[in-house]
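Please keep the sequence and the model in view while reading.

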Amino acid sequence: MLAGSVIRRAWRTARREVLDPQECASPLGKRVYDLRHTCLTTWLNDGVPPAQLAEWAGNSVPVLLAIYARCIVGHLPDLKKLIEAGGDLPDLPKR
């Protein structure tokens with residue numbers, strides 16, 4: 001086990017070594033957790049089902065959606081089209 005301060009120092013050093021000064025000054029990957037947050041947000045926006053993503057992330061679906069639902073963007077036009085089509089939702093994949 002490493003102390004959080006050790007991990008944070010190592011992370012700051014690694015960022016300075018691999019990022020240019022402008023990137024390093026940005027919030028990009030400022031904390032290790034930021035990478036996880038970015039990954040989960042990207043996967044939700046790419047359409048990974050929340051139940052699958054929650055399993056991968058080690059969260060429950062309610063916890064995942066409580067944290068990340070506000071990060072989902074760009075799906076509203078497609079959802080409106082589904083609703084306007086009379087509720088004809090796509091078939092679920094066969095198991």
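V32 counts as partly exposed because its relative accessibility is 42%, where partly exposed lies between buried (under 20% relative accessible area) and exposed (over 50%), with a 1.4 Å probe and protein chains only. V32 lies in helix α3; helices (H or I, at least four residues) are DSSP runs, numbered from the N terminus. The model is predicted, so local features need pLDDT of at least 70 and side-chain atom pairs count only at pLDDT 80 or more, while totals for chains, interfaces and linings use all residues. Residues are numbered from 1 along each chain as its sequence is written, and side-chain values use heavy atoms, with hydrogens and water left out.

Together with L2, V6 and I7, V32 forms a nonpolar surface patch with about 330 Å² of accessible area. Such a patch is made of residues with over 30% relative accessible area and no salt bridge, nonpolar side chains (Val, Leu, Ile, Met, Phe, Trp, Tyr) being joined within 5 Å; the areas come from the Shrake-Rupley method with a 1.4 Å probe, and only the protein chains shown count as cover for residues. V6 is found in helix α1 and, at 32% relative accessibility, counts as partly exposed. Although V32 and I7 are 25 residues apart in sequence, their C-alpha atoms are 9.0 Å apart in space.

Charged residues come next. The structure holds 1 salt bridge, defined as a side-chain nitrogen of Lys or Arg within 4 Å of a carboxyl oxygen of Asp or Glu. The side chains of R31 and D34 meet in a salt bridge, at 2.7 Å from N to O. R31 counts as exposed, at 53% relative accessibility, whereas D34 is buried, with a relative accessible area of 14%.

R15, in helix α1 (residues 4–18), is buried yet has no salt bridge; D34, the nearest side chain of opposite charge, is 7.1 Å away. Here Lys and Arg count as positive and Asp and Glu as negative, with His and the chain ends not counted.

The largest nonpolar core has 8 residues: L40, L44, V48, L53, A54, A57, L64 and Y68. A core of this kind is a set of buried Ala, Val, Leu, Ile, Met, Phe, Trp, Tyr and Cys residues joined through side-chain atoms within 4.5 Å. Helices α3 (32–45), α4 (50–57) and α5 (61–68) each give two or more residues to this core, and α4 supplies the largest share, 3 residues.

Key: Patch = residues over 30% accessible without salt bridge, like charges linked within 9 Å, V, L, I, M, F, W, Y side chains within 5 Å.
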